[in-house]
Amino acid sequence: MTGKRFYHIGFGQDDLGSSPPSIALLSGDPERSRFIAQTYLQDVRVLSENRGLNSYVGYLPNGRSILSATSGMGAPSLSIVVNELVQVGIRQIIRIGTCGSIQSYIPVGSVVISSAALCRQGAANDIAPVEYPAAADPFLTVALVKAAQELKVEHYIGITASVDTFYEGQERTDSANPNLMRSLHGITEEYRRLNILNYEMECGTLFKMAGVYNFAAAAICGVVASRIDSENIILEQKDVAVKNAIAIAVWSIANWRK
C-alpha cells in the first residue's frame, strides 16, 4: 500500500516515516486526539486534519512510535477509519472514549475497560454475522488493567453494550423523541441484570473488525454519566475521567511487550 494516500484518514503508509507506528490510540473526538499527541508524544507531526478525522504521529519517551487518530462518532465512521488504518500497517488499536454506566457501583469519574461487547450495531453486521463474537484482545486488555492498577485509577472490567444511537438505543427519553419503540422499553434494566457495565457506541464494531481483520483491539472509556441516576452527562467529572482513560492507555502502550 506504499504510495497510496487514503481518502478518509488523509494519509498513507509513506507518510508515517522511517519508523512507522503499529499502534494507534483512537478517539472519537478530534480534540482528544490532538490532546494526546501534544501532551504525551514527542516530535509530533500532523498527518492529517481532514474531515475532522485528525491524525498525529510521534514518539513516546521510550522511543516507541505511536499514532493518535480520530474515529468520529459512531460505528459507521469508526469502521471506515479502522479499515484504512489497518491498510497503512496498524496492528494494535486502543479506543479511548466516554460511556454511561448502568451499574450502581460504577461511579461517574471512574473508567471501564471492556473485555467484550454486546454488539447492537448495523456496521458490524456488514463485517461479520450477528453471532460473531465481539471480544477485546486479552493481552491488550490486561495491559490496560495493569496500567490502571499502577496509576491507582478506579476501574472496572467487563462487558459493554455497544449500540448505534445515543438517545433511543440507550433508552433515553429526554430528547426530541420521547416515544421509544416497545423493544427498547426496559432494555437498560435487562442489560443490568445481564451484568453489562456500560453503554457506548463504537467498541463492538471495533472488536468484530479486529477478529475479521486479524489485529488486536481494546477499549477504555471514562464514565461521564450514571444511567442509574440520570440521562445527563456530568460535565464536571468528564475531564478527569477522560484524562485518566488517556493516561492508562498511554501507560499500557509504553509498557507493551507483546
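How many bridges join β7 to β8? Four bridges join these strands, which run parallel. The views below come from a predicted model, in which local features need pLDDT of at least 70 and side-chain atom pairs count only at pLDDT 80 or more, while totals for chains, interfaces and linings use all residues. Residues are numbered from 1 along each chain as its sequence is written, and side-chain values use heavy atoms, with hydrogens and water left out.

View 1. Strand β6 (residues 111-120) runs parallel to β7 (155-163) and is joined to β7 by nine bridges. Two strands pair if DSSP finds at least two bridges between them. Cys 119 stands opposite Ser 162 of β7. Towards β8 (196-200), Ala 161 has Tyr 199 as its bridge partner. Strands (E, at least two residues) and helices (H or I, at least four) are DSSP runs, numbered from the N terminus.

**View 2. Helix α1 and its cover.** Helix α1 spans residues 30-40, and its buried residues are Arg 32, Ser 33, Arg 34, Ile 36 and Ala 37. Buried means under 20% relative accessible area, exposed over 50%, and partly exposed in between (1.4 Å probe, protein chains only). The cover over these buried residues includes β1 (23-27), β2 (42-50), β3 (53-59), β4 (65-70), β5 (92-101) and α7 (235-254). At the start of α1, a side-chain oxygen of Asp 29 comes to within 2.9 Å of the backbone nitrogen of Glu 31.

**View 3. The largest pocket.** Its volume is about 470 Å³. A pocket is found on a 1 Å grid over the protein atoms alone, as an open set of points where a 1.4 Å probe fits, with protein on both sides within 12 Å along at least five of seven lines; lining residues have an atom within 4 Å of a point. Grid points are joined across faces, edges and corners, and the volume is the space filled by probe spheres set on the points. The lining has 22 residues, and Arg 32, Met 73, Thr 98, Phe 166 and Met 201 lie nearest the centre. β5 gives the most to this lining, with five residues. β8, β9 (216-226) and α7 each supply at least two. By class, the lining holds nine nonpolar, six polar and seven charged residues.

View 4. Ser 71 sits in the loop between β4 and α2 (75-87), and Ser 71 counts as buried because its relative accessibility is 1%. Contact means heavy atoms within 4.5 Å. Leaving aside neighbours within four places in sequence, the contacts of Ser 71 include Leu 26, Gly 28, Leu 53 and Val 81. Gly 186 belongs to the loop between β7 and α5 (187-193) and is partly exposed, at 34% relative accessible area.

**View 5. Helix α6 and residues with positive phi.** In α6 (residues 203-213), eight of 11 residues are buried, among them Cys 203, Leu 206 and Phe 207. Just after α6, Asn 214 has a positive phi of about 70°. Arg 51, in the loop between β2 and β3, has phi near 60° and is exposed, at 54%. Glu 171, in the loop between β7 and α5, also has phi near 60° but is buried, at 18%.

How values were computed. A polar contact is a pair of N or O atoms within 3.5 Å; within protein, one must be able to donate a hydrogen and the other to accept it, and residues adjacent in sequence count only if both atoms are side-chain atoms. Ala, Val, Leu, Ile, Met, Phe, Trp, Tyr, Cys and Pro count as nonpolar, Asp, Glu, Lys and Arg as charged, and the others, Gly among them, as polar.
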